Amino acid sequence: MRRTTMIATSLLAALALGAGLAACGSGDDAGGGLAVTDAWVKATDEGMTGLFGTLVNETGEDVLVVAGTSAAAARVELHTTAMGEDGSMVMTPVEDGFTVPANGEHELAPGGDHIMLMELTAPLEPGDEVELTLETADVTTVDVVAVVRTFAGGQEEYEPADG
């Protein structure tokens, strides 16, 4: 009986661990049916940079992406780009998150919605990989690996939420 209990306990622990790992997901096999395809980050020596790609929702309900974290940056913010009062393009934080429609996509692109990595911890060179975790409103997380690329565009101004 003791051996049967130990085997059953081990099996339950293994199943629980497997369920926990499956919930985390990755950029290719995302938690909650959300994935990020063609993820890339603009190369830079310091400061801040953007992550681009396509958020793909493979569920029958809208998914709201609300936050992110990365060891590559002190802060991760969701941003959009719009025309400023002076006619220049201005990046501003998106407080309400990005809604990815049911069975749909949301593009992250230079000059549009994107994810900012702020206060970088080290230079990002072309060919490097950046790991990032996105969080949805239902606290599902999606791990993303993005390749660093050279990109000459994206010279927008940054306007913090409080300024």
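Tutor: Arg75, Glu77 and Glu119 are joined in a network of salt bridges. The model is predicted, and the structure holds two such bridges.

Student: Is Glu77 buried or exposed?

Tutor: The criterion for a buried residue is a relative accessible area under 20%. Glu77 has 17% and is therefore buried. Arg75, at 33%, counts as partly exposed, and Glu119, at 46%, is likewise partly exposed.

Student: Which residues gather in a patch of negative charge on the surface?

Tutor: The patch consists of Asp45, Glu46, Glu125, Asp128, Glu129, Glu131 and Asp143. One of these, Glu129, is found in strand S9, which covers residues 129–136. Glu129 is exposed because its relative accessible area is 57%, where exposed means over 50%.

Student: Where does Ser70 lie, and which backbone atoms does its side chain reach?

Tutor: Ser70 lies in the loop between strand S3 (63–69) and strand S4 (73–83). Its relative accessible area is 13%, so Ser70 is buried. The side chain of Ser70 reaches the backbone nitrogen of Ala72 at 3.1 Å. A polar atom of that side chain also lies 2.7 Å from the backbone oxygen of Glu131, a residue of the negative patch.

Definitions and conventions: Residues numbered from 1 in each chain as written. Predicted model: local features only at pLDDT ≥ 70, side-chain atom pairs only at ≥ 80, totals over all residues. Heavy atoms only, no water. Patch = residues over 30% accessible without salt bridge, like charges linked within 9 Å, V, L, I, M, F, W, Y side chains within 5 Å. Areas by Shrake-Rupley, 256 points an atom, 1.4 Å probe, with all protein chains shown as cover. Salt bridge = Lys/Arg side-chain N within 4 Å of Asp/Glu carboxyl O. Lys, Arg positive; Asp, Glu negative; His and termini not counted. Charge placed at Lys NZ, Arg CZ, Asp CG, Glu CD. Helix = DSSP H or I, 4+ residues; strand = E, 2+ residues; numbered from the N terminus. Buried < 20%, exposed > 50% of the residue type's maximum accessible area, 1.4 Å probe, protein only. Polar contact = N/O pair within 3.5 Å; in protein donor to acceptor, adjacent residues only side chain to side chain.
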